[in-house]
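Here is a brisk report on a single chain. Read it alongside the sequence and the model.

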Amino acid sequence: MVYITEDLIRRRAEHNECEIFSLEEVSLHQQAIERIEHLDRWCKELRILYLQNNLIPRIENVGRLKKLEYLNLALNNIEVIENLEGCESLQKLDLTVNFVGRLSSVESLRHNIHLRELFLVGNPCTQFEGYRQFVVAALPQLKSLDGTEISRSERIRASQGLEEARRRVAEQEQEYLRRRAEEKEEARRKEAGVEEEKKERKPGFDGRWYTDINNTVPESEKNKENQELNENPKNPEEDEEQREHEFWHTPCSFTPESRLEAHRHLEEKRRAKEKGKEKKPKAPRTLITADGRVLNINEPKLDFCLTEDEENNTIILDLEVYRHMDTSLIDVDVQLSYARVSIKGKIFQVVLPAEVKPDSSTAQRSQTTGHLLLTMPRAEGEIKVTKTVPRPPRVRQNRRSGGLSEDDQRKNNVPERLEVDPSKRTAVDLANIVPRQIAKEGPMEASRPDPPAAEDHFSEGYLQDPSIGRVSALVYVQADASNS
């Protein structure tokens with residue numbers, strides 16, 4: 001039996017941010033609910049309520065829903081229309097395919113003055129003679145019955161023949177209630193017979209109690225039964241298939257009891273199927289054998305790399321853990337001869353090539369790739385210190401005395417640097433490079449003759465940079481101008 005719980009309503013209220021006090025619409029269909037409860041206290045703002053395709057036998061606990069406008073109770077086990085007087089705003093009521101046989105209970109909807117649509121298709125009362133005439137006359141506020149609009153002339157005719165329709169409906173109601181009582185009695189007898197059959201059913205493949213101490217069957221009958229069982233052995237699967245075929249192909253009346261029986265039968269089949277699918281608990285994984293031998297295990301099926309660093313005298317394990325997995329799901333255990341990593345409950349274990357120091361070991365996680373790096377120092381020997389390799393001395397070249405050839409420079413692999421003559425480190429005045437013309441004087445003086453070529457300070461092995469030549473020329477012009 002499924003109950004209406006707060007958790008169920010919250011899960012159905014995702015469109016309202018899981019808030020139930022302000023919920024205006026909720027759908028609880030196909031939940032196998034057998035009773036309406038709690039909704040009138042938890043969801044007082046409800047306007048639309050879907051409860052179709054459940055096992056609800058009666059309408060209850062909805063009288064406080066003053067704002068309820070639409071109530072859908074199709075495909076349930078309701079037999080009487082009741083307890084809806086408090087739903088002041090009810091405009092539409094759907095009772096399609098229920099078991100409403102007391103058509104006179106429709107008159108309880110007179111107090112719902114805003115009721116406009118009513119659906120009773122598929123109920124036993126729709127087979128009564130004068131059904132539509134009685135409902136139209138009993139509920140003057142209705143605009144539509146079973147999806148068909150009620151015209152003004154139809155309402156007038158129904159009102160004129162209301163008393164006669166009420167009398168005929170009452171007679172048919174009594175006949176229906178008599179048949180209904182017989183159906184209930186038959187359902188009780190059938191249920192009792194099923195219970196007795198379950199009690200009489202013997203355990204074992206041959207249907208007998210082997211531990212019955214009161215068994216007084218003669219030996220001849222025992223031999224006869226054993227001979228019959230040997231000739232026609234019983235197959236449990238065939239018996240189950242036969243019972244299933246009989247259940248679904250045996251004719252029965254459509255009643256609330258038969259609907260409940262079919263539902264419970266399906267539930268039993270579903271539970272049996274789920275029980276068969278349940279995985280048996282696995283035996284615990286053997287990590288270390290009885291004789292103390294450590295096994296290599298890779299349950300998470302991760303790639304890894306185990307290397308030895310001779311320079312630092314360490315063993316390095318690079319385990320390719322999932323990139324986006326949280327580090328809290330990883331547990332590392334380093335022992336003398338093996339390393340064990342638990343990843344979401346799955347064990348990775350590897351035997352180390354030499355004994356290590358667990359206390360000095362470190363575990364690091366890459367933020368880029370997610371890999372787990374275990375650095376484990378060896379237990380024997382000392383950690384070697386890495387020797388620094390001295391750089392070759394830089395050879396300074398004298399520009400005037402010549403330098404090395406290009407091949408020698410490539411061999412030395414020393415970066416080349418240009419040196420500036422300290423005597424020419426004076427600031428360059430760019431404004432006085434070209435002399436200005438004075439107005440009082442005559443025409444511009446004749447341009448100076450080209451200065452003598454500067455002494456070549458570059459060795460034959462270097463290529464002269466044109467930009468350096470221009471800087472040297474600027475320096476020369478400034479020096480000449482100051483001498484004059």
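## L295 in its loop

L295 is partly exposed, at a relative accessible area of 22%. The cut-offs are these: buried is under 20% relative accessible area, exposed is over 50%, and partly exposed is in between, with a 1.4 Å probe and protein chains only. L295 sits in the loop between α8 (256–277) and β8 (297–298). Helices (H or I, at least four residues) and strands (E, at least two) are DSSP runs, numbered from the N terminus.

Beyond its neighbours within four places in sequence, L295 is in contact with T286, L287, T289, Q349 and V351. Contact means heavy atoms within 4.5 Å. L295 and Y338 are 43 residues apart in sequence, and their C-alpha atoms are 9.1 Å apart in space.

## Model and chain

This is a predicted model; local features need pLDDT of at least 70, side-chain atom pairs count only at pLDDT 80 or more, and totals for chains, interfaces and linings use all residues. Residues are numbered from 1 along each chain as its sequence is written, and side-chain values use heavy atoms, with hydrogens and water left out.

The chain has 10 helices and 15 strands. Of its 484 residues, 27% count as buried. Take the contacts in the chain with a separation of 6 or more: residues 24 or more positions apart account for 49% of them.

## Helices α3 and α4

Helix α3 (residues 131–138) packs against helix α4 (residues 152–160) at an angle of about 95 degrees, and their axes are 8 Å apart. That angle makes α3 roughly perpendicular to α4. Axes are lines fitted to C-alpha atoms, for helices over the stretch in contact, and angles run from 0 to 180 degrees between N-to-C directions. Angles under 35 degrees count as roughly parallel, over 145 as roughly antiparallel, 65 to 115 as roughly perpendicular and the rest as oblique.

Which residues make the contact? On α3 they are R132, Q133, V136 and A137; on α4 they are E154, R155, R157, A158 and S159. By class, the contact of α3 with α4 has 3 nonpolar, 2 polar and 4 charged residues. Here Ala, Val, Leu, Ile, Met, Phe, Trp, Tyr, Cys and Pro count as nonpolar, Asp, Glu, Lys and Arg as charged, and the others, Gly among them, as polar.

Helix α3 is largely enclosed by the rest of the structure, because 6 of its 8 residues are buried. The buried residues in α3 are Y131, F134, V135, V136, A137 and A138.

A165 lies in helix α5 (residues 162–200). A165 is buried, with a relative accessible area of 0%. Not counting residues up to four places away in sequence, A165 touches G130, Q133 and F134. A165 and F134 are 31 residues apart in sequence, yet 5.7 Å apart C-alpha to C-alpha.

## The annotated span and S144

UniProt, in an unreviewed entry, places the feature "domain: U2A'/phosphoprotein 32 family A C-terminal" at residues 128–146. UniProt positions are given in the numbering used here, feature names are shortened, and annotations may be inferred rather than shown by experiment. The end C-alpha atoms of residues 128–146 lie 15 Å apart. The span is 42% helix and 11% strand.

S144 lies in strand β6 (residues 144–145). S144 is buried, with a relative accessible area of 13%. Leaving aside neighbours within four places in sequence, S144 is in contact with R116, E117, L118, E149 and I150. A polar atom of the S144 side chain lies 3.5 Å from the backbone oxygen of T148.

## Y70 in β3

Y70 is in strand β3 (residues 70–72). At 15% relative accessibility, Y70 counts as buried. The side chain of Y70 makes a polar contact with the side chain of N72, at 3.1 Å. A polar contact is a pair of N or O atoms within 3.5 Å; within protein, one must be able to donate a hydrogen and the other to accept it, and residues adjacent in sequence count only if both atoms are side-chain atoms.

Not counting residues up to four places away in sequence, Y70 touches R47, I48, L49, Y50, L90, K92 and D94. The C-alpha atoms of Y70 and L93 are separated by 6.1 Å, with the two residues 23 apart along the chain.
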